[in-house]
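Here are my notes for a first look at this structure. Please keep the model open while you read them.

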Amino acid sequence: MVAAAIRPETQAIAGVAVEFRGVSHAYELDGNALPVLQEFSLSVAPGEFVALLGPSGCGKSTLLRLAAGLEQPVRGAVFADGSTVDRPDPERVLVFQDPTLFPWRSVRDNVAIGPQARGILATSQARINEALKLVKLDAFASAFPHQLSGGMAQRAALARALVNDPRLLLLDEPFGRLDSLTRLSMQRELLSLWQQAGYSALLVTHDVEEALLLAQRVIVLSERPARIKADIAVDLPYPRRRDAPAIVALRRQALEIMGFAE
Ligand code: ADP
């Protein structure tokens with residue numbers, strides 16, 4: 001792999017085009033196959049921000065793991081820019097609900113993990129500084145995880161992902177454990193990072209409002225095996241307000257599709 005050049009903050013990184021084509025997947029549970037996906041197809045355009053909403057256990061995280069190359073589908077394939085995804089790649093980064101920082105490493109050393117693993121630590125110092133600055137943790141570079149609030153730890157996890165200049169950011173309920181105010185400010189930050197960097201984003205969330213405030217398309221999934229119940233275009237400018245009539249109407253529509261009539 002060629003070392004990633006240090007990009008100025010303003011230069012856009014082209015996002016990956018993602019395609020799930022006829023993907024079926026199953027896990028083994030007590031000796032039986034548990035079908036999680038059946039003939040699932042979905043395309044994400046380069047730079048598009050797509051949210052996945054659906055009941056717990058329907059297969060959302062599995063979709064992210066397949067796109068990350070951490071799992072291989074039983075049938076069908078996932079494509080990134082037309083190439084089959086058959087292994088993990090630093091261009092496609094998964095961010096979890098739990099920031100999973102190494103407690104014995106400083107914030108900076110946690111963020112440096114990707115470049116270090118790729119053998120480009122020495123040439124990545126400026127990029128690491130830039131990633132810390134992007135998430136507003138530059139003043140906390142030498143702090144340790146136990147010295148951070150929940151929001152700061154999640155920002156460190158985001159910096160650890162962004163330092164690799166991902167072209168696809170896979171977000172698995174990244175703000176699920178944060179208090180509601182921290183969650184709001186993290187949503188705002190995620191949006192501005194996406195607007196600056198231009199990566200494609202796939203966000204798994206339980207929160208209808210979060211999906212509608214952030215994503216350009218909201219995919220509503222059925223119970224397992226997940227199939228697409230609705231593909232809602234959210235064609236509204238950013239920043240969006242949760243009380244904007246269009247958001248309120250879309251929220252009602254999404255909840256109805258999910259079986260929660262108000
Ligand atoms: P979601 O993210 O929508 O909550 P997941 O993709 O995590 O759903 O899981 C879908 C289903 O697959 C669930 O029923 C879950 O219990 C099961 N599952 C997930 N991972 C595994 C695994 N490694 N082994 C067995 N079953 C699993």
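1. Start with a pair of helices. Helix α5 covers residues 150–162, and helix α6 covers residues 180–197. The two pack at an angle of about 15°, and their axes are 11 Å apart. Bear in mind that this is a predicted model.

2. How are α5 and α6 oriented relative to each other? Angles under 35 degrees count as roughly parallel. The two helices, α5 and α6, are therefore roughly parallel to each other. Their crossing is right-handed.

3. Next, look at the residues where these helices meet. From α5 come Gly151, Gln154, Arg155, Leu158 and Leu162. On the α6 side they meet Thr182, Met186, Glu189, Leu190 and Leu193. The residues of this contact divide into five nonpolar, three polar and two charged.

4. Now turn to the ligand. How many residues surround the ligand? There are 13. The closest are Gly57, Gly59, Lys60, Ser61 and Thr62.

5. Some of these residues place polar atoms by ligand oxygens, and each case is worth checking by eye. For Gly57, a polar backbone atom is 2.7 Å from an oxygen atom of the ligand. Lys60 uses its side chain: a polar atom there lies 2.9 Å from a ligand oxygen. Ser61 also has a side-chain N or O atom placed 2.7 Å from an oxygen atom of the ligand.

6. Two peptide bonds deserve a look. Which residues does the bond with omega of about -5° join? They are Arg224 and Pro225, and the bond is cis. Pro225 sits in the loop between β9 (217–221) and β10 (228–233).

7. The other bond runs from Tyr238 to Pro239. This peptide bond is cis as well, with omega near -10°. Pro239 has its place in the loop between β10 and α8, the latter spanning 245–257.

8. Finally, check one backbone angle. Thr100 is not a glycine, yet it has a positive phi of about 45°. Where is Thr100 found? Look in the loop between β6 (92–95) and α2 (107–111).

Conventions. Residues numbered from 1 in each chain as written. Predicted model: local features only at pLDDT ≥ 70, side-chain atom pairs only at ≥ 80, totals over all residues. Heavy atoms only, no water. Axes fitted to C-alpha atoms, helices over the stretch in contact; angles between N-to-C directions. Helix = DSSP H or I, 4+ residues; strand = E, 2+ residues; numbered from the N terminus. Parallel < 35°, antiparallel > 145°, perpendicular 65-115°, else oblique. Left-handed = near helix turned anticlockwise from the far one by under 90°. Contact = heavy atoms within 4.5 Å. Nonpolar A, V, L, I, M, F, W, Y, C, P; charged D, E, K, R; others polar. Near = heavy atom within 4 Å. Polar contact = N/O pair within 3.5 Å; in protein donor to acceptor, adjacent residues only side chain to side chain.
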